[in-house]
Amino acid sequence: FSVDIAGYKKARDQGLVETAQAAAEQVAASGQAVELKAMSAAERRVVHAAINEISGIVTESVGVDPHRHIVIKPAD
């Protein structure tokens, strides 16, 4: 059960998608992995889903909560 007051969750998810796409572009251009800041499991799921649609780029969650974060890197 989730409450989205004044569209906060939708706006947050869109911001995460934009951040993920920008990081994926950086990875594609440089060939170097990019680490995102720590985020909740729900937020990580949004990022994984957004990057899953981009060929040649993969994501991996690393670390232990509450410091678990995503690494975006070129596909092997």
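User: Where is R44 found?

Analyst: Helices (H or I, at least four residues) and strands (E, at least two) are DSSP runs, numbered from the N terminus. R44 sits in helix α2, residues 41–52. This is a predicted model, where local features need pLDDT of at least 70, side-chain atom pairs count only at pLDDT 80 or more, and totals for chains, interfaces and linings use all residues. Residues are numbered from 1 along each chain as its sequence is written, and side-chain values use heavy atoms, leaving out hydrogens and water.

User: Is R44 buried or exposed?

Analyst: Buried means under 20% relative accessible area, exposed over 50%, and partly exposed in between (1.4 Å probe, protein chains only). R44 has 8%, so this residue is buried.

User: Which residues is R44 in contact with?

Analyst: Contact means heavy atoms within 4.5 Å. Beyond its neighbours within four places in sequence, R44 touches M39, S61, D65, R68, H69 and I70. With the same exclusion, L36 has contacts with T19, A23, V47, H69, I70 and I72.

User: How many residues has the largest nonpolar core?

Analyst: Such a core is a set of buried Ala, Val, Leu, Ile, Met, Phe, Trp, Tyr and Cys residues joined through side-chain atoms within 4.5 Å. Here the largest has 16 residues, and L36, V47, I51, I57 and I72 have the most contacts inside it. Helix α1 (8–30), α2 and β3 (69–74) each supply at least two of its residues, with α1 giving the most, 6 residues.

User: And I5, is it buried or exposed?

Analyst: I5 lies in the segment before α1. Its relative accessible area is 63%, so I5 is exposed.
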